[in-house]
Amino acid sequence: MDFDFAGPTILGTTVLGYKGFMAGYQASYDTANSKLIANNVSLAYKNGDVLLHSAVNDASKFVG
């Protein structure tokens, strides 16, 4: 949590994995403006020497 006198920003992150598959989510919420300011999703697969990764940042930037 980032504390600001105007209102704190709540940051949350989670990552789950199962047998080489991974999924992650990160969000930031501005309580002063009651607004979601960041929303990121990531998916990955790892098997031996192969790693595939993709992500979507704020529903506008796609990475892979």
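This is a predicted model: local features need pLDDT of at least 70, side-chain atom pairs count only at pLDDT 80 or more; totals for chains, interfaces and linings use all residues.
**Exercise 1.** Determine how the planes of the rings of Phe 21 and Tyr 45 are arranged in their pair.

*Solution.* A pair of aromatic rings is described by the distance of the centres and the angle of the planes. Step one concerns the distance: the ring centres of Phe 21 and Tyr 45 lie 4.6 Å apart, and centres within 6.5 Å make a pair. Step two concerns the angle: planes under 30 degrees apart count as stacked and those over 60 as edge-to-face. The planes of Phe 21 and Tyr 45 stand at 45°, so this pair is tilted. The structure holds one aromatic pair.

**Exercise 2.** State which strands are linked by the pair of Phe 21 and Tyr 45.

*Solution.* Phe 21 belongs to strand β2, residues 21-30. Tyr 45 belongs to strand β3, residues 35-47.

**Exercise 3.** Classify Phe 21, Tyr 45 and Tyr 25 as buried, partly exposed or exposed.

*Solution.* The cut-offs are under 20% relative accessible area for buried and over 50% for exposed. Phe 21 has 52% relative accessibility and therefore counts as exposed. Tyr 45, with 25%, is partly exposed. Tyr 25, found in strand β2, has a value of 35% and is likewise partly exposed.

**Exercise 4.** Identify the residues of the nonpolar surface patch and the element that gives its largest share.

*Solution.* The patch is formed by Ile 10, Tyr 25, Tyr 29, Leu 36, Val 41 and Leu 43, which together have about 510 Å² of accessible area. Strands β2 and β3 are the elements that give two or more residues to the patch. The largest share, three residues, comes from β3.

Key
Residues are numbered from 1 along each chain as its sequence is written. Side-chain values use heavy atoms; hydrogens and water are left out. Rings of Phe, Tyr and Trp (its six-membered ring) pair if their centres lie within 6.5 Å; planes under 30 degrees apart count as stacked, over 60 as edge-to-face and the rest as tilted. Helices (H or I, at least four residues) and strands (E, at least two) are DSSP runs, numbered from the N terminus. Buried means under 20% relative accessible area, exposed over 50%, partly exposed in between (1.4 Å probe, protein chains only). Patches are made of residues with over 30% relative accessible area and no salt bridge: like charges are joined within 9 Å, nonpolar side chains (Val, Leu, Ile, Met, Phe, Trp, Tyr) within 5 Å. Accessible areas come from the Shrake-Rupley method with a 1.4 Å probe; for residues, only the protein chains shown count as cover. A salt bridge is a side-chain nitrogen of Lys or Arg within 4 Å of a carboxyl oxygen of Asp or Glu.
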